[in-house]
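Me: I have a protein model on my screen and some questions about it. Can we go through them in turn?

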Amino acid sequence: MALFSATTFPKLAAPLLALTLLSGCAAKREAVDLLVTNATVYTVDSTFSKVEAFAVKDGKFVAVGPAAELKGKYQAKQEVDGGGKFIYPGFYDAHCHFYRYAVGLAGADLVGTKSWAQVIERLQETRRKYPKARWLTGWGWDQNDWPNKQFPTKDTLDRLFPDVPVYITRVDGHAGLANQKLLDQAGITARTSISGGVIGRDAQGRLTGLLVDKAQGLLGSVYPVTTAAEDTPLLMQAQQNCLAVGLTSLAEAGLEKMDIDILDSLQRLNQLHLRFNAMVRASPENVAYYLKKGPVQTDRLTVNSFKVMADGALGSRGACLLHPYTDKSRETGFLIQTVPEYRALARQLAASKFQMNTHAIGDSANRIILNIYGEALKGQKDRRWRIEHAQVITPADMPKFGQFGIVPSVQPTHATSDMYWAGERLGAERLKTAYAYKELLNQYGQLALGSDFPVENINPLFGFHSAVARQDAKNFPAAGFQMENAISRPDALRGMTTWAAHAAFEEKRKGQIKPGMLADFVVLDTDLLTAPKEKLRNSHVLQTWIGGQLVFDKK
């Protein structure tokens, strides 16, 4: 990709990162690949220092400091003028679903739909666009955004799409709606039952098409398996979308071996520039394979953890609670597996070099998993086992994050997406210790911040804003949602850089602009530490660099 050149902008108009090809050679200056000067650089090092320049060689930072000092010491193949812009370590999403996001680009976009009728309109548009597709899929509906807030049924899907399998997934990924064509192919009938999930039925016992959590797995035998050739264009588009918002590293929260192999092969072909911490889905087959193989570490791929599912989501009432839902007095949610199964897996992983990273939303699920972690780790406080989401925690269980050394991996935009209806699900008292990021930070000393995209938007700056202002995209509520659990701007930046790296044992490679670290950095037009909070979501990523190479340029 071409860099800005000094001649692109006349009259010294302070172009962004204008490239100056240096001629001449100072006899005693050390050769480097890149020298960036005239910028406000937040290093996110241990003292949270700011510098104006840094040097890069062989894909790593080799020096930071005053521009005059570095110019005197280094001769660079490329010298870049930062134009006074703001530079941060490359943003690291500590929990997302990149592969799912990529494949979903081929389906109907149902995010933000305000009614069931609007969902149907988008599905019809997609079918007209892809009339020969084997399946009709969509992603992102949320009945909580609709007037009646009720789960939809398959009746309209059956009428409009009788001859093609249809499956549309709720925004949290923990529930979906299938038409009768798909239910028939999967062999799901009114007599089918499953533990760890829900098969929706109406008052007469007829299937509604709703499948929650483990029930979605019943579609596995008929769900079309795409090939690497089919997925690659979508993965490339997804990568470009991520680079455009400053993401350089992603923690992929639950992949099959086959998917990890595809990412690895694309990285080795230099088609995928993004770095991945790939959590392996903890199926018996995957656990057996990777425990025998051992952790994987390449320049761009880390595989050292297993992703486990404890419960479902709050929005679909699959989160496992200690006491019934406030708005459904007979429901408490459920665990995906049994407690003995979680305990056996924890013992197995405690004897290995792998992390156990468990999705836990409800207070019951969090209590069970925290206690199992404590039993299995037996005082090993730097194994960095993680609770993914950690949404509803009782005051009695909160100290266990610090006591057992458990990393809270949270997604700030969940708080500002759920705040409109979370109180209805939980009641006022439980809500007080839900989305309690400041308290979790106090307990463990760090927070790994992610987005959970495509459940939320891929833009990490949305999460930064939610973490510090506790507001949505419209800066609502004016005073913030439960501001006692907002975190500071420096801590939010740490959470999406060096603390995210720490959560994957990568803090010696990523997340800071200092000598020895991978030269991943992002250039913004905004000072995230000082800008008015209502301007944070409108900040623009101007350039993204990975390993000292420009991989996105807004121009």
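Predicted model: local features only at pLDDT ≥ 70, side-chain atom pairs only at ≥ 80, totals over all residues.

Me: How many disulfides does a search of the whole structure find?
Reply: A disulfide needs two cysteine sulfur atoms within 2.5 Å. Cys96 is in no disulfide, and its nearest cysteine sulfur is that of Cys242, 6.8 Å away. Cys242 is likewise in no disulfide, with the sulfur of Cys96 as its nearest at 6.8 Å. For the whole structure, the number of disulfides found is 0.

Me: Is Cys96 buried or exposed?
Reply: The cut-off for buried is under 20% relative accessible area. Cys96 has 0% relative accessibility, so Cys96 is buried.

Me: And Cys242, buried or exposed?
Reply: Its relative accessible area is 0%. Buried means under 20%. Cys242 is therefore buried.

Me: At what angle do the axes of α6 and α7 cross?
Reply: Helix α6 covers residues 228-243 and helix α7 covers residues 257-268. Their crossing is right-handed. The axes come within 11 Å, and the crossing angle is roughly 65 degrees.

Me: How many residues in the contact of α6 with α7 are charged?
Reply: From α6, the contact uses Ala228, Thr232, Leu235 and Met236. From α7, the contact uses Ile262, Leu263 and Leu266. The residues divide into 6 nonpolar and 1 polar, and the charged ones number none.

Me: Which residue of β8 is the bridge partner of Val41?
Reply: Strand β3 spans residues 40-42 and strand β8 spans residues 86-89. The two run parallel and are joined by 2 bridges. In β8, the partner of Val41 is Ile87.

Me: Which residue stands opposite Val198 in β15?
Reply: Another open sheet has 6 strands in the order β10-β11-β12-β13-β15-β14, with mixed pairing. Its edge strands are β10 (108-109) and β14 (197-201). β14 pairs with β15 (residues 207-213) in the antiparallel sense, over 4 bridges. Opposite Val198 stands Val212.

Me: At about what angle does helix α3 run to β11?
Reply: Helix α3 spans residues 116-129. It lies across β10, β11 (136-141), β12 (166-170) and β13 (175-178). Its angle to β11 is about 145 degrees.

Me: Where is Ser364 found, and is it buried or exposed?
Reply: Ser364 is found in helix α10 (residues 363-377). Leaving aside neighbours within four places in sequence, Ser364 is in contact with Cys320, Leu321 and Leu322. Its relative accessibility is 11%, so Ser364 counts as buried.

Me: Is the peptide bond from Phe453 to Pro454 cis or trans?
Reply: Pro454 has its place in the loop between β24 (448-449) and α15 (460-469). Omega of the bond from Phe453 is near 10 degrees, and the bond is cis.

Me: What is omega for the peptide bond from Phe476 to Pro477?
Reply: Pro477 lies in the loop between α15 and α16 (489-495). The bond from Phe476 is cis, with omega near -5 degrees.

Me: Is phi of Phe48 positive or negative?
Reply: Phe48 lies in the loop between β3 and β4. Phe48 is buried, with a relative accessible area of 16%. Phe48 is a residue other than glycine, yet its phi, near 55 degrees, is positive.

Me: What is phi of Tyr435?
Reply: Tyr435 is in the loop between α13 (422-431) and α14 (437-444). Tyr435 counts as buried at 0% relative accessibility. Although not a glycine, Tyr435 has a positive phi of about 55 degrees.

Me: How many Å apart in space are Asn485 and Leu210?
Reply: Asn485 lies in the loop between α15 and α16, and at 5% relative accessibility Asn485 counts as buried. Beyond neighbours within four places in sequence, its contacts include Lys432, Tyr435 and Arg470. Asn485 and Leu210 are 275 residues apart in sequence; C-alpha to C-alpha, they are apart by 35 Å.

Key
Residues numbered from 1 in each chain as written. Heavy atoms only, no water. Axes fitted to C-alpha atoms, helices over the stretch in contact; angles between N-to-C directions. Left-handed = near helix turned anticlockwise from the far one by under 90°. Contact = heavy atoms within 4.5 Å. Nonpolar A, V, L, I, M, F, W, Y, C, P; charged D, E, K, R; others polar. Buried < 20%, exposed > 50% of the residue type's maximum accessible area, 1.4 Å probe, protein only. Pairing = 2+ DSSP bridges.
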